[in-house]
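Welcome, and thanks for taking a look. Please open the model alongside this report and follow the residue names as you read.

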Amino acid sequence: MATIILGIFIFGFSGWVIYRQFKGNGSCDACNLDCNIKQKQDKS
Amino acid sequence: MERQFALVGNPNSGKTSVFNLLTGANQSVGNWPGVTIERKCGRLKEDNKINIHDLPGIYSMSPYTPEEVITQEYLIKNKPEAIINIVDGSHLERNLYLTIQLLETGLPVVIGMNMMDVVKKSGRKINLDKLNYGLGTPVVGISALKNTGLTQLISTTAKEAANFSHEYPEYSPQLEAALSEIIGVLGNTVPKEQARWYAIKLFEKDALNTKHLKLSPFQEKEITEIIKITEKVFDEESDAILVNERYELISRLISLCMIQDSDFKLSMSDKVDRIVTNRYLALPIFALVMWGIYYLSIQTVGTMATDWVNDRLFGEIVPVFVENLLVSWGVAGWMQALILDGIIAGVGAVLGFLPQITVLFLCLAILEDCGYMSRIAFVMDRLFRKFGLSGKSFIPMLIATGCGVPGVMASRTIENENDRRLTVMVTTFMPCSAKLPIIALIAGAFFPNSSWVAPSAYFIGMTAIVLSGIALKKTQALGGKPAPFIMELPSYHLPQIKNIFMQTWNRVIAFIKKAGTIILVSSILIWFMSSYNFSLQEVPEDSSILAALGRLIAPLFSALGWGHWKGAVASITGLVAKENVISTFGILYGNLESLSENGQEVWNIVQHDFSPVAAYSFLAFNLLCAPCFAAIGAIHREMGQVKWTLITIGYQCGLAYAVSFLIYQFGSVIFEQAPLTFGTLTAVVVLFLLIYFVVRKPSQKDSSFNMDTLTLIEEGK
């Protein structure tokens, strides 16, 4: 049971990270500039 | 016929002193009708036919105070022949507000600039001719204290009254358009010479001064409409619009006519800049500063904390705790391996370098906040200009020391297409924060007692940029003259603790977030591919999917000294995120906590795969080769064409390969006493080729004109 729960959590999280990368927001995490893209991202 | 001159000015501007000097004993004192405010009038000593009316001291012509109301009424209703405006030169900005309102009355105005001696003592100068030009009205310097300039003041006033040409201070085009329209609507309702005054009063909604105007309902409606539209344009109330416009005009006038002695004196910032941006000292100072920062953060202060984080936190505390937890939960073996050998090994390896990176971020934040970093672009402009770029191209590179993505995007500020392309191509040679763990790993593991290795990584990037710039500028596709570069240097100041910590904190959080997202997912994938074969059976890592794929490409890197599959795979995973190089090592080499220590354990683990020279070659390759996918995406967006993106990636990988090749081939002969081989001879050829591309003549002629070419054209050559 614990394996299944951990699996859902880990792979679900990984899927969300990959999705954000493809959506283009992922690179903003690496950047510390407070640009309008990041502001839009923070608002959404 | 008697002439009437009005004396107007701010309180304490010296107006009364001037009045007393001009009129002497020929004064009469009374009260203005209806108020207890004193009214003074006197005949000019030199000419009895000139009456001087000393109006109450006011700061502006608003309708609020009795003094202001009296002054306005006298000027508009009595219409003196001229206004003598006494201005306190030591408080010019405040006094000029009234001056501008006096000019709006449509009456001749002459300014008596008083207290010029006080102005001089304060280290300032007022250029009266320039103020005259800016205002369109005569300005005479006087001193009521020393009784100078008054004769000229009166004669100028008499002349101005006789030859008045109705010049008004000009505001912004949108406001001038509104005032012109109101004047048009007023038509013959007001005297022509007072049309502008009433237009301004109506615009300001000054009911006191406009209630006597007999405007038709149509006129009132039109004027209201004009005001409404103008308020929308400016997004301000109409009275605020005029106040702002007047102060903007005053600001321009002050800039035009006021000179400070300190404009010619060196400030502390200027004195520091004389050394820091000195033609000969600037670059060595910059090199010393960067060496100091990298040495401090990666090889001394930061290393102390990193050792603890790697040895204790991710070496003992976290794995033991998590393992016990997973076992107590009855988690399956493969899931335990994924978490412990994949996620914790991979992410922990990257986070292990956080202390060093934090110290580096702190040092860079101090440099940015104190104002030194902005000087670097100025210093670099001198160097960059020698090979056809400008300091403007250095700014994206400065940004790229944080992350290559905004660094590449910052190249948009460069107008010249060729310069922009070239900047995009070389910007990611600068070591970004993601490459810092690689630098820290190599410097700490292979060169623990050398202070030059970590800073040298920064200088490899800089050298690659400079030499690439020289070589690429000589190509037909990217050639051309550098653009002019103007920048304002902010004054130096002590770094603000709050700013420094906020900046450092934001960068550290971004680093941790990246480790917890992209690196985590990459670690899972790398662990899987290094633990299973193509039949999805659990196997030793040497028989894994990753090993099989790695062995396909590893021979490519043999010439660079690290032709084993682990190094090749680590470099490839670096395309996702450069930190992945470390997390890959963390997973493939197992106990990575030892990789950052100074000691024999390092050799026990990695000496089979890396010699020191090969390790440095590996470092150089990963510093210079294609950046991560996010940065490649940014490059593609800025280049706009697949062709240029491929050229950029190809150039970066090619240069990285060439530099690593040279480092390994020459380094192994010089430092490891390796024999001369075919590789060494090839390295010599590659070196000569690189030197040729840097020193060769440009492939296109300089198409700009200079005195020599013009002379030749004139001579018919």
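Predicted model: local features only at pLDDT ≥ 70, side-chain atom pairs only at ≥ 80, totals over all residues.

Across all chains, the count comes to 16 salt bridges.

| Salt bridge | N to O distance |
|---|---|
| Arg3(B) and Glu81(B) | 2.7 Å |
| Lys201(B) and Glu204(B) | 3.2 Å |
| Glu417(B) and Arg420(B) | 3.1 Å |

Arg3(B) is partly exposed, at 23% relative accessible area, and Glu81(B) is partly exposed at 26%.

Lys201(B) is buried, with 2% relative accessibility, and Glu204(B) is buried at 16%. Both belong to a network of salt bridges that also links Glu104(B), Asp206(B) and Arg246(B). Arg246(B) is one of the buried residues of helix 11 of chain B. That helix has 20 residues and reaches 29 Å from its first C-alpha to its last, close to the 28 Å expected.

Glu417(B) and Arg420(B) both lie in helix 19 of chain B, three residues apart, about one turn of the helix. Glu417(B) is partly exposed at 36% relative accessibility, whereas Arg420(B) is buried at 14%.

Now to the packing of helix 19. The axes of helix 19 and helix 28 of chain B come within 10 Å and cross at roughly 175°. Because angles over 145 degrees count as roughly antiparallel, helix 19 of chain B is roughly antiparallel to helix 28 of chain B. Arg420(B) is among the residues that make this contact, as are Val424(B) and Ile635(B). By class, the contact has four nonpolar, no polar and three charged residues.

Note on methods. Residues numbered from 1 in each chain as written. Chains lettered and ligands numbered in written order. Heavy atoms only, no water. Axes fitted to C-alpha atoms, helices over the stretch in contact; angles between N-to-C directions. Helix = DSSP H or I, 4+ residues; strand = E, 2+ residues; numbered from the N terminus. Parallel < 35°, antiparallel > 145°, perpendicular 65-115°, else oblique. Contact = heavy atoms within 4.5 Å. Nonpolar A, V, L, I, M, F, W, Y, C, P; charged D, E, K, R; others polar. Expected span 1.5 Å × (residues − 1). Buried < 20%, exposed > 50% of the residue type's maximum accessible area, 1.4 Å probe, protein only. Salt bridge = Lys/Arg side-chain N within 4 Å of Asp/Glu carboxyl O.
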